[in-house]
Amino acid sequence: MAAAAAGMVLGRPLAPWDLGSTAEIIKTIPQDLFAELCEHIIQHLRCQISGVNTVELCQRFQTAGIGISASDLAKVVNVVSSVFSIAAKNKLSSEELSTRLGTAAGALPKQALQVIRHVWNEQGSSIAGSEDANNIGMVGQLIDFQWKLGMAVGSDSCRSLKCPYVTMAVKVADASGRVTSKSFEMTIPQFQNFYSQFKEMASVLETV
């Protein structure tokens with residue numbers, strides 16, 4: 001009965017899970033570190049933390065002797081976050097979730113299955129039962145926003161010496177919780193246009 005329920009959503013069969021090469025990456029992660037990673041993902045889905053910092057976790061994993069890259073760890077975060085999100089939206093029990101993962105293409109190792117089942121059994125109900133369960137994993141979140149003024153000696157859009165420009169640095173958590181940082185430069189006219197749009201947004205918010 002559980003297996004049948006795990007494969008149905010509102011009377012329609014769920015699409016088969018395909019973990020692909022990510023399952024091979026998960027096999028290289030010790031059970032205790034994988035459990036810690038799952039906890040971080042659950043905390044993100046519960047909005048207790050803003051995102052999962054894969055760069056910081058990757059450094060910790062490497063310090064522990066685990067040869068894993070930040071990009072590979074990001075793949076794991078994306079897959080596990082997707083698994084928990086789907087389980088929350090469809091209100092799967094830990095048994096149903098374990099059954100689905102057990103039949104997925106690119107099978108997970110037994111230890112990883114045990115971790116996921118345990119974490120979901122302990123904390124899954126708090127996510128699946130929330131009013132925002134259907135919106136889990138749909139949008140990202142701004143973590144940090146910084147800017148600084150600089151003087152350019154020449155660029156494609158600013159060819160004169162000592163031309164001022166603004167450097168923007170943003171840190172965001174994507175839908176899966178993976179944190180990334182991006183930097184870009186804007187000319188003063190571009191920044192003024194950027195500012196005017198934010199000012200317009202602030203004015204609209206004041207009327208809400």
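User: What should I know about the model before I start?

Analyst: The model is predicted: local features need pLDDT of at least 70, side-chain atom pairs count only at pLDDT 80 or more, and totals for chains, interfaces and linings use all residues. Residues are numbered from 1 along each chain as its sequence is written, and side-chain values use heavy atoms, with hydrogens and water left out.

User: How many helices and strands are there in the protein?

Analyst: Helices (H or I, at least four residues) and strands (E, at least two) are DSSP runs, numbered from the N terminus. Here the protein has 8 helices and 5 strands. Read from the N terminus on, the order is α-β-β-α-α-α-α-α-α-β-β-β-α.

User: What share of the residues is buried?

Analyst: Buried means under 20% relative accessible area, exposed means over 50%, and partly exposed lies in between (1.4 Å probe, protein chains only). Of the 208 residues in the protein, 34% are buried.

User: What does the accessible surface of the protein come to?

Analyst: Accessible areas come from the Shrake-Rupley method with a 1.4 Å probe; for residues, only the protein chains shown count as cover. The protein has about 12,300 Å² of accessible surface. Carbon and sulfur atoms hold 54% of that surface.

User: What share of the contacts joins residues 24 or more positions apart?

Analyst: Contact means heavy atoms within 4.5 Å. Take the contacts in the protein with a separation of 6 or more: residues 24 or more positions apart account for 60% of them.

User: How do H3 and H5 pack?

Analyst: Axes are lines fitted to C-alpha atoms, for helices over the stretch in contact, and angles run from 0 to 180 degrees between N-to-C directions. Angles under 35 degrees count as roughly parallel, over 145 as roughly antiparallel, 65 to 115 as roughly perpendicular and the rest as oblique. Helix H3 (residues 31–45) and H5 pack at about 55°, with axes 10 Å apart. H3 and H5 are therefore oblique to each other.

User: Which residues make the contact of H3 and H5?

Analyst: From H3 come Phe34, Leu37, Cys38, Ile41, Ile42 and Leu45. From H5 come Leu73, Val76, Val77, Val80, Ser81, Phe84 and Ser85. For classes, Ala, Val, Leu, Ile, Met, Phe, Trp, Tyr, Cys and Pro count as nonpolar, Asp, Glu, Lys and Arg as charged, and the others, Gly among them, as polar. The contact of H3 with H5 has 11 nonpolar, 2 polar and no charged residues.

User: What is the handedness of the crossing of H3 and H5?

Analyst: A crossing is left-handed if the near helix is turned anticlockwise from the far one by less than a right angle, and right-handed if clockwise. The H3 and H5 crossing is right-handed.

User: How do H5 and H6 pack?

Analyst: Helix H5 (residues 70–89) and helix H6 (residues 94–102) pack at an angle of about 130°, and their axes are 11 Å apart. That makes H5 oblique to H6. Their crossing is right-handed. Val83, Phe84, Ile86 and Ala87 of H5 meet Leu97, Arg100 and Leu101 of H6. That contact of H5 with H6 has 6 nonpolar, no polar and 1 charged residues.

User: At what angle do H3 and H4 cross?

Analyst: The axes of H3 and helix H4 (residues 54–63) cross at roughly 170° and come within 12 Å. H3 and H4 are therefore roughly antiparallel to each other. Leu33, Glu36, Leu37 and His40 of H3 meet Leu57, Arg60 and Phe61 of H4. The classes in the contact of H3 with H4 are 4 nonpolar, 1 polar and 2 charged.

User: Is Leu73 buried or exposed?

Analyst: Leu73, in helix H5, is buried, at 0% relative accessibility. Leaving out residues up to four places away in sequence, Leu73 touches Leu37, Thr54, Leu57, Cys58, Phe61 and Ile68. Leu73 and Thr54 are 19 residues apart in sequence, yet 6.4 Å apart in space, C-alpha to C-alpha.

User: What is phi of Cys47, and what of Lys91?

Analyst: Most residues other than glycine have a negative phi. Cys47 has a positive phi, near 65°. Cys47 lies in the loop between H3 and H4 and is exposed, at 69% relative accessible area. Lys91 also has a positive phi, near 50°. Lys91 sits in the loop between H5 and H6 and counts as exposed, at 54%.
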